[in-house]
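Subject: Structure handover

Hello,

Here is the structure I promised to pass on. Please open it first, then read the notes below.

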Amino acid sequence: MKRAICPGTFDPVTNGHLDIIERAAAIFDELVVGVALSPDKGRGPLFTVEERVGFIRDAAAHLHNVSVRPFDSLLVDLARESDARVIIKGLRAVTDFEREFQMAQLNYRLDDDIETMFIMSIPEYMYLSSSAVKEIAAFGGNVRGLVPDQVSDQLQERLRQGR
Ligand code: PNS
């Protein structure tokens, strides 16, 4: 049984994340998507961890070997606890590389039984990020096709409320 962890803040999940989740789920027997609470990130996440988990559960409901869970711990601890030896991350442009390389090195230092593996983004999603989606939506731009429809609706609603 090969199980992998796909971690992130997912605030909110984008179609780029979902593409990586789908491709990883096709390689591993089981994929656990770990949604970090990340309370310290910038002004704090726009969506609660429950909302972020819910968006991914709904969008990945057709992937029967994918489970989604929140976490507030070291990633390597979540991996060990989930009995997963592989961390899957998506890699977009070279700008991602330095941060991802640092996290992979630190995680390896923390537990060298756990390997980080990268799946390259497809060109369509190369420049897509949760923060860009939030910025576009905040200025009234159209984010359909960049995130699941449910997320797009909730984004407009949340930003209308002024947060
Ligand atoms: O979507 P993000 O912001 O790139 O995800 C970052 C995340 C959640 C994978 C990273 O912050 C993380 O692993 N957090 C858990 C705490 C941890 O293990 N930190 C040490 C390794 S850098």
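A word on exposure first: a residue is buried under 20% relative accessible area, exposed over 50%, and partly exposed in between (1.4 Å probe, protein chains only).

This is a predicted model, in which local features need pLDDT of at least 70 and side-chain atom pairs count only at pLDDT 80 or more, while totals for chains, interfaces and linings use all residues. Residues are numbered from 1 along each chain as its sequence is written, and side-chain values use heavy atoms, with hydrogens and water left out.

Overall build

The chain has 6 helices and 5 strands. Both are DSSP runs, numbered from the N terminus: helices are H or I with at least four residues, strands E with at least two. From the N terminus on, the order is β-α-β-α-β-α-β-α-β-α-α. The C-alpha trace spans about 45 × 30 × 30 Å along its principal axes. The radius of gyration is 15 Å, which agrees with the value near 15 Å for a compact globule of 163 residues. That radius is taken over C-alpha atoms, and the globule rule is 2.2 Å times the number of residues to the power 0.38. Of the 163 residues, 47% count as buried.

Salt bridges

There are 11 salt bridges in the structure. The term means a side-chain nitrogen of Lys or Arg within 4 Å of a carboxyl oxygen of Asp or Glu. Some of them are worth a look.

- Arg3 and Glu30: their closest N and O atoms are 2.7 Å apart. This pair links distant parts of the chain, with Arg3 in strand S1 (residues 3–8) and Glu30 in strand S2 (residues 30–36), 27 residues apart. Glu30 is partly exposed, at 27% relative accessibility.
- Arg23 and Asp19: here the closest N and O atoms are 3.0 Å apart. Both residues lie in helix H1 (residues 15–27), 4 residues apart, about one turn of the helix. Arg23 is partly exposed at 30%, whereas Asp19 is buried at 17%.
- Asp149 and Arg144: the closest N and O atoms are 3.1 Å apart. Asp149 is partly exposed at 46%. Arg144 is partly exposed too, at 42%.
- Asp77, Arg80 and Asp111: salt bridges link these residues in a network.

Aromatic pairs

A pair of aromatic rings is described by the distance of the centres and the angle of the planes. Rings of Phe, Tyr and Trp (its six-membered ring) pair if their centres lie within 6.5 Å; planes under 30 degrees apart are stacked, over 60 edge-to-face, and the rest tilted. The structure holds 2 such pairs. Phe47 and Phe55 are edge-to-face, at 5.1 Å centre to centre and 85° between the planes. Phe47 and Phe55 are both buried. Phe97 and Phe101 are stacked, at 5.3 Å centre to centre and 25° between the planes. They are separated by about one helical turn, because they sit 4 residues apart in helix H4 (residues 97–110). Phe97 is partly exposed at 44%, and Phe101 is partly exposed at 43%.

Backbone points

Most residues other than glycine have a negative phi, and most peptide bonds are trans. Which residues have a positive phi here? Phe10 is one of them, with phi near 50°. Phe10 lies in the loop between S1 and H1 and is buried, at 4%. Asp83 is another, with phi near 60°. Asp83 sits in the loop between helix H3 (75–81) and strand S4 (86–91) and is exposed, at 60%. A cis peptide bond joins Asp11 and Pro12, with omega about 0°.

A pocket is found on a 1 Å grid over the protein atoms alone: an open set of points where a 1.4 Å probe fits, with protein on both sides within 12 Å along at least five of seven lines; lining residues have an atom within 4 Å of a point. The lining is made up of Met1, Lys2, Arg3, Phe28, Asp83, Ala84, Arg85, Val86 and Glu115. It divides into 4 nonpolar, no polar and 5 charged residues. Ala, Val, Leu, Ile, Met, Phe, Trp, Tyr, Cys and Pro count as nonpolar, Asp, Glu, Lys and Arg as charged, and the others, Gly among them, as polar.

Best wishes
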